[in-house]
Amino acid sequence: MDGNGRWATRRGLPRAAGHAAGAEAVRPIVTRCAQLGLDALTLYSFSTENWARNADEVDALMSLYVQYLVSERPLFLENNVRLVQIGRRDGLPPAVLDELDRSVELTAHHTGLTLNLAINYGSRAEITDAVRALCRDAADGRLDPAEVDEALISQRLYTAGQPDPDLLIRTAGEMRLSNYLLWQISYAELFVADVCWPDFNAPQLEAAFEAYRLRRRKFGAVAEEIAPVSTDSA
């Protein structure tokens, strides 16, 4: 969800105002994804690298997370959304962890959209944590290293038990992955929107889905072996 700071700067506003506008933009996107019956939606909210930002901006973001988690609980409850936090808990303020745990607990029984909130997340950190867990099991005799395969590694990632993403949407015209779900998006389709995140809305989400619908996903096969995508309405 890129471009909050740029959105604010262009309007002569502090960066914190851009993050607040970005939080408001989340609601219609989550609502629409829940209505469409998506299995999972992951929002890259705060990376492990974002701690290097100005302390005031980081503090404002952490306060915003607390407010968001409290204010959006009715949305989660009304739309059968299950909230999951992916990322490291170490370093997050107690107030953020408390509200995260509260929302996760309240929505744990929900069977609709799984909303992954990536806070203090980095894909390299995630893979490192998975490898460490496997090494501990091997050292304790619970795992034969020869048994380690892709499926076993996937089971140790923060997203264990969830499907890999089909579509990666990046806003603000950015053309990089930024340490995001590197294992999981191996075969995801990419869609880059030129608008900053606060201006990304439900119609633009639908446009991304339409672009995805027209893609021919090969998964390493030869294009001629893949049946053409139908353009008929579902």
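# Side chains, step by step

Cys135 is partly exposed, its relative accessible area being 46%. For accessibility, buried means under 20% relative accessible area, exposed means over 50%, and partly exposed is in between, using a 1.4 Å probe and protein chains only. This is a predicted model, so local features need pLDDT of at least 70 and side-chain atom pairs count only at pLDDT 80 or more, while totals for chains, interfaces and linings use all residues. Residues are numbered from 1 along each chain as its sequence is written, and side-chain values use heavy atoms, with hydrogens and water left out.

## Exercise 1: cysteines

## Exercise 2: aromatic pairs

Work out how the rings of Phe46 and Tyr65 are arranged, then do likewise for Tyr187 and Phe219.

*Step 1.* A pair of aromatic rings is described by the distance of the centres and the angle of the planes. Here, rings of Phe, Tyr and Trp (its six-membered ring) pair if their centres lie within 6.5 Å; planes under 30 degrees apart count as stacked, over 60 as edge-to-face, and the rest as tilted. That rule gives nine aromatic pairs.

*Step 2.* For Phe46 and Tyr65, the centres are 6.4 Å apart and the planes are at 85°, so this pair is edge-to-face.

*Step 3.* Helices (H or I, at least four residues) and strands (E, at least two) are DSSP runs, numbered from the N terminus. Phe46 is in strand S1 (residues 40-47) and Tyr65 in helix H3 (residues 55-71), so the pair ties together parts 19 residues apart in sequence.

*Step 4.* Buried or exposed: which is Phe46? Phe46 is buried, at 0% relative accessibility. Tyr65 is buried as well, at 8%.

*Step 5.* Over to Tyr187 and Phe219: with centres 5.5 Å apart and planes at 45°, the pair is tilted. Tyr187 belongs to the loop between strand S4 (167-170) and strand S5 (189-192), and Phe219 to the segment after helix H8 (202-213), so this pair links parts 32 residues apart in sequence. Tyr187 is partly exposed, at 49%.

*Step 6.* Also look for a group: Tyr44, Tyr121, Tyr158 and Tyr180 make up one aromatic cluster.

## Exercise 3: salt bridges

Pick out some salt bridges and say where their partners lie.

*Step 1.* The test is a side-chain nitrogen of Lys or Arg within 4 Å of a carboxyl oxygen of Asp or Glu. Searching the whole structure turns up 20 salt bridges.

*Step 2.* One of them joins Asp199 and Arg11, at 3.7 Å from N to O. Asp199 lies in the loop between S5 and H8, and Arg11 in the loop between helix H1 (4-9) and helix H2 (15-36), so the pair ties together parts 188 residues apart in sequence. Asp199 is partly exposed at 35%, and so is Arg11 at 42%.

*Step 3.* Arg213 and Glu210 form another, at 2.8 Å from N to O. Both are in helix H8, three residues apart, or about one turn of the helix. Arg213 is partly exposed at 29%, and Glu210 is partly exposed at 34%.

*Step 4.* Asp140 and Arg142 pair up too, with their closest N and O atoms 3.1 Å apart, and both residues are exposed. A network of salt bridges links Asp137, Asp140, Arg142 and Arg156.
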